[in-house]
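Visitor: I am new to reading protein models. Could you walk me through this one, step by step?

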Amino acid sequence: LQNRLWATADQLRANSELTSAEYKSPVLGLVFLRFVDQKFSAAKEQLEAQQGGSSRRTIGKADYQAKGVIFLPEEAQYSHLLQLPEGADLGKAVSDAMEAIENENPELRGILPRDYSKVTNPTLATLLRTFSEIPMDIEGDVFGRIYEYFLGKFAIAEGQRGGEFFTPTSLVKLIVEIIE
């Protein structure tokens with residue numbers, strides 16, 4: 001799965017005018033968006049099941065936050081972005097989605113990427129579709145592993161610049177074991 005996702009992302013980068021450094025942020029942002037959407041959707045199902053048909057109280061932002069989930073307004077939900085009509089400005093829509101997430105979750109303000117206008121509509125559409133295929137029923141932290149895998153691949157693609165580097169998990173674990 002990781003290799004297939006990376007091959008798609010890298011092929012799209014190769015067909016664009018973006019460098020690895022410019023492409024990294026939007027791709028990792030979409031991985032993040034897919035992850036938080038999956039958590040949000042699972043919490044939504046749980047909250048709706050708990051509420052049942054008997055309560056008139058609506059499920060709100062505080063309910064999601066109580067479950068430790070980032071609240072996503074409708075325009076920031078992955079399904080909304082996937083259903084945008086052909087010809088819609090996907091770069092603006094994804095940038096607006098990231099802004100909406102930051103507005104609803106102030107702790108994320110200034111952290112999420114918003115440079116999606118650099119990525120062409122066909123490229124964004126393909127990335128959105130490809131990342132939507134990530135299965136939700138895999139055990140463990142699949143998104144963490146994918147994110148980490150992508151970080152490593154981007155680090156290799158960019159090369160070391162000014163002392164920046166990516167430390168693989170296996171090396172981090174070894175260092176921790178040695179320190180302990």
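Here is a short tour in questions and answers.

Guide: Welcome! This is a predicted model, in which local features need pLDDT of at least 70, side-chain atom pairs count only at pLDDT 80 or more, and totals for chains, interfaces and linings use all residues. Residues are numbered from 1 along each chain as its sequence is written, and side-chain values use heavy atoms, with hydrogens and water left out.

Visitor: What pattern does the protein follow along the sequence?
Guide: Helices (H or I, at least four residues) and strands (E, at least two) are DSSP runs, numbered from the N terminus. The protein has eight helices and zero strands. Along the sequence, the pattern therefore reads α-α-α-α-α-α-α-α.

Visitor: How are the rings of Phe40 and Tyr64 arranged: stacked, tilted or edge-to-face?
Guide: A pair of aromatic rings is described by the distance of the centres and the angle of the planes. Rings of Phe, Tyr and Trp (its six-membered ring) pair if their centres lie within 6.5 Å; planes under 30 degrees apart count as stacked, over 60 as edge-to-face and the rest as tilted. By this rule there are three aromatic pairs. For Phe40 and Tyr64, the centres are 4.4 Å apart with 20° between the planes, and the pair is stacked.

Visitor: Which helices does the pair of Phe40 and Tyr64 tie together?
Guide: The two residues are 24 apart in sequence, so their pair ties together separate parts. Phe40 lies in helix α2 (residues 20-51) and Tyr64 in helix α3 (residues 61-66), which makes the answer α2 and α3.

Visitor: Is Tyr64 buried or exposed?
Guide: Buried means under 20% relative accessible area, exposed over 50%, and partly exposed in between (1.4 Å probe, protein chains only). Tyr64 has 5% relative accessibility, so the label is buried.

Visitor: Which residues form one aromatic cluster?
Guide: Tyr64 also pairs with Phe71: their ring centres are 5.6 Å apart and their planes stand at 55°, so this pair is tilted. Phe71 is buried too, at 16% relative accessibility. The cluster is formed by Phe40, Tyr64 and Phe71.

Visitor: With which residues is Gln77 in contact, leaving aside neighbours within four places in sequence?
Guide: Gln77 is found in the loop between α3 and α4 (78-82), and counts as buried at 15% relative accessibility. Contact means heavy atoms within 4.5 Å. With those neighbours left aside, the contacts of Gln77 are Asp37, Phe40 and Leu72.
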